[in-house]
Amino acid sequence: MRVRLGFGDRFVRVQVIDPGTRTAAPCYAAATGGLEESGRGLGIVAALSIRYGTEVLKRGHRLVWVDLAATL
């Protein structure tokens with residue numbers, strides 16, 4: 001897993017690259033309160049971010065990025 005940080009105008013970008021799924025569509029766990037062990041992270045990211053996205057890189061690695069509001 002690799003993590004990168006960047007800064008923009010009033011936001012902080014966090015990127016995480018890990019060996020994820022090979023499909024382009026993000027995977028969310030059902031919001032049923034179940035015990036699923038995957039897919040919860042993107043729901044948390046969506047709730048905390050001003051914007052986010054995912055993409056599949058070479059060799060099936062997934063890049064997830066999130067922009068968080070920076071307050072001073």
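A charge sits over a ring if NZ of Lys or CZ of Arg is within 6 Å of the ring centre and within 35 degrees of the ring normal. By that rule, the charged end of arginine 51 sits over the ring of phenylalanine 11, 4.9 Å from its centre. Please keep in mind that this is a predicted model, where local features need pLDDT of at least 70, side-chain atom pairs count only at pLDDT 80 or more, and totals for chains, interfaces and linings use all residues. Residues are numbered from 1 along each chain as its sequence is written, and side-chain values use heavy atoms, with hydrogens and water left out.

**Overall fold**

- The protein chain has one helix and four strands (DSSP runs numbered from the N terminus: H or I of at least four residues for helices, E of at least two for strands).
- Along the sequence, these elements follow the pattern β-β-α-β-β.
- Of the 72 residues, 24% count as buried (buried is under 20% relative accessible area, exposed over 50%, partly exposed in between, with a 1.4 Å probe and protein chains only).
- Among contacts with a separation of 6 or more, 46% join residues 24 or more positions apart; contact means heavy atoms within 4.5 Å.

**Rings and charges**

**Surface**

- The protein chain exposes about 5,500 Å², with carbon and sulfur atoms supplying 58% of it (areas come from the Shrake-Rupley method with a 1.4 Å probe; for residues, only the protein chains shown count as cover).
- Met1, Val3 and Leu5 make a nonpolar surface patch of about 380 Å².
- Methionine 1 is in the segment before β1, and counts as exposed because its relative accessibility is 75%.

**Two residues to look at**

- Arginine 10 lies in the loop between β1 (2-8) and β2 (11-18). Its phi is near 70 degrees, a positive value in a residue other than glycine, and arginine 10 is exposed, at 68% relative accessible area.
- Aspartate 18 belongs to strand β2 and is partly exposed, with a relative accessible area of 28%.
- Beyond its neighbours within four places in sequence, aspartate 18 is in contact with Met1, His61 and Arg62.
- The C-alpha atoms of aspartate 18 and arginine 2 are separated by 6.7 Å, although these residues are 16 apart along the chain.

Conventions
Patch = residues over 30% accessible without salt bridge, like charges linked within 9 Å, V, L, I, M, F, W, Y side chains within 5 Å. Salt bridge = Lys/Arg side-chain N within 4 Å of Asp/Glu carboxyl O.
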